Amino acid sequence: MGTDGRPEGAVKLDLLFSPLQVGPMTVPNRICETTNTIGAGRLDFLADDVYTEHHVQKARGGVGWIGGEAWILPAPIPDEAPQELTDGGFAIRIPAYYMPGFVERLRSFVDAVHEAGSVAVCQIGHGNVLFGPSAVPLLGSQHFVPHELDDDEMEWIISSFADAAEQLVAAGADAIEVHASHETLPHFFLSPATNRRTDRWGGDTEARTRFVVEILRRVRDRIGDTAAVGVRVSGGEYRPGGYDLLEAQEIAGYIAEGARPDFFSVDVGHLWGDPTYVAPSYAPPALGAAHAKEIRRIVAPIPVLYAGRVFDPLLAEQLLAEGACDLVGMTRASIADPEFPNKAREGRFDEIRACIGCNRCIDNAVHGVGTGLANVMQRAMCSVNPVIGNELLWRASYRPAETRRRVVVVGAGAAGLEAARVAAMRGHEVIVLERSGNIGGQVRLASLAPGRDQFANLPTYYQTQIKLLSIDLRLGVDCDAEAVRALSPDVVICATGSIPLAPEIPGVDGPNVHQAWDVLEGTCSVGHRVVVLSQEDGMETPSVADALASRGHEVEVFHHWAGIAGNVGRYAIATVLRRLEAGGVKTHAYQRAVRIDRDRVELVSSLTGFSSVVEGVDSVVLSCGSRPATDLYRALKGTAPEIHLVGAAWAPRGIHEATEMGMLVGLAL
Ligand SMILES: Cc1cc2nc3c(=O)[nH]c(=O)nc-3n(C[C@H](O)[C@H](O)[C@H](O)COP(=O)(O)O)c2cc1C
Ligand code: SF4
């Protein structure tokens, strides 16, 4: 061990692990979980065990700043008007902090954060689209026109920030963060796109900043120096009519001068934008750090936190060294691996389970099975870390196996590898058989598409785990039931993946027809003019179209339903579509092929049956999803002592479903 408590020879992360005074709050290091309303617990709207365990695991893992989830403020909704709970926002009458038990329940959360050595930063936000500074569409892509606030209503709202802050501080919060980014109400005041007022709250930049300054002053007046008071602002909106970095600097300057906050938290982007502030794998690392740096210059010496695609502790250290910021948001990094700071500190970089930038966490929180606090079906989840959303279950059921058993896993995709990992961690003897020469299955395939190379982080992580856990990985083994039985397994886990589907139409077996997977893999030869027949609504179609376009092909996509990538969430869709537009890819909705010939494709409308023909086609690429590969499972069922079917072999879904199922089977053995 070195004198600093780190292993000799460990990479220096001196700045990252140095404390920082932020107003009255001492942050133990520079790694921040910025607020992320992922939907962990709070089913009765209050902090509960699920919420606490989800966020506090990060504090135990070494994250210094725990931002938890947003506390939504009330809105002055008239009795006659309905509350609004949309995927644009929440206009609610009764906030959580008015509920009995709020302070006590939040205090146990804050205590747990403190016990782990971190600080609890509570964000208060007015994320609604029912009220706005002006009656203009607020979000751009979604046509929400708000009620225009009058002075009384604004006063009511400003006081609600102070009321909320008082309650949060009573529960022990170390800092209050006023959310004035991400299309929250204060942000709508800052933005020229949404604030068209001509009174003292609108007009020039200084006037548009007044609402935020007033909120911060009122919060400070109410809580004094009992906690730090900060503000989250966009360093560049990237939306039509929005403000740019230059104006962001002006805004920050007015806020610094008018309200002297203890910190600024800066990011860039728009919720339907390119970039968004939860930017997917396509965006460059630390995409808005230059904006944070310029704002930091203006507001110095007030500390600035930057967040946005910083997944690597070494990059975080570099940002601090370059003066881009004083604190680094590493929010998805800490969802993917809540223990990453401790691992980095100990030099165990290759053990970090890195975020792949897939955005499943935020998509589920926003669109998913529910929408935020409005729907009890919503839950926290992460594609690469299946413990997320299952923290209490993991704590209750993870233990060393009572009897060491021989577990044979067939298939080294995400489900099989997670099952293998958990089984091996628990002490079982694990053999993994994989037909191909690589691990990672469809995740590896996804990583071959342009802008998605980060998906390879997951197989890379499993490769390290295979070594650390002495898992016996056998590549290039195309085994049948007999071969599996010959290994005398106590348990067989069939993670045999899925097989690409093809429409049952004449010509589909022709030499000019290829599967998207083979195109991504580069194992087929495709002509210049390509028709993609798409019958899936996720990332397969845009990925293969993007790959083809970037290799110089002329690409036309015929999609079975309304628009391609219908299941791709708002934080990625603009980036995905822009890439296709830039590559000249043409897309057509509601189209199904009925016949493929040597150089033409016949189509019908999925809705009306109207026929059309595309001529001059060199190749046809199928992107139609896949069906479970269950032959081995059926052959073994009844003869293997214990057998499980997991992942896409059970039902083709997302990476999250695969890793979660793998984990659950691994825990059950
Ligand atoms: C699931 C999820 C929920 C989020 N909810 C909020 C929120 O309620 N308030 C907020 O200010 N930011 C929210 N964010 C944005 C994060 O604070 C952060 O700025 C963003 O994830 C980019 O940082 P990263 O690249 O380190 O993840 C959320 C992000 C995620 C992934
Ligand atoms: S769901 Fe995807 S984007 Fe979100 S933390 Fe996990 S790997 Fe990262």
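Helix H9 (331-336) and helix H11 (360-366) each supply at least two residues of the shell around ligand 2. The exercises below concern a predicted model.

**Exercise 1.** Describe the surroundings of ligand 2 and state which helix gives the most residues to its shell.

*Solution.* Step 1: the shell of ligand 2 holds 13 residues, and the closest are Arg332, Cys355, Cys358, Cys361 and Cys382. Step 2: H9 gives the most, namely 3 residues. Step 3: sorted by class, the shell has 8 nonpolar, 3 polar and 2 charged residues. Cysteine counts as nonpolar in this scheme, so Cys355, Cys358, Cys361 and Cys382 belong to the nonpolar class.

**Exercise 2.** Determine which residues come nearest to ligand 1 and how its shell divides by class.

*Solution.* Step 1: ligand 1 has 25 residues around it, of which Thr34, Asn36, Thr37, Thr331 and Arg332 come nearest. Step 2: H9 and H11 are the elements that give two or more residues to this shell. Step 3: the division by class is 11 nonpolar, 10 polar and 4 charged.

**Exercise 3.** List the assigned domains, then characterise the contact between domain 1 and domain 3.

*Solution.* Step 1: the domain assignment gives domain 1 (20-26 + 46-356), domain 2 (400-497 + 645-668) and domain 3 (502-624). Step 2: a distance of 40 Å separates the C-alpha centres of domain 1 and domain 3. Step 3: domain 1 brings 10 residues to the contact and domain 3 brings 7 residues. Step 4: on the side of domain 1 that touches domain 3, the residues comprise 7 nonpolar, 2 polar and 1 charged.

Technical notes: Residues are numbered from 1 along each chain as its sequence is written. Chains are lettered from A and ligands numbered from 1 in the order in which they are written. This is a predicted model: local features need pLDDT of at least 70, side-chain atom pairs count only at pLDDT 80 or more; totals for chains, interfaces and linings use all residues. A residue is near a molecule or strand if its C-beta atom, placed from the backbone, lies within 6 Å of it. Helices (H or I, at least four residues) and strands (E, at least two) are DSSP runs, numbered from the N terminus. Domain bounds come from an automatic or database domain assignment. Two residues are in contact if their C-beta atoms, placed from the backbone, lie within 7 Å.
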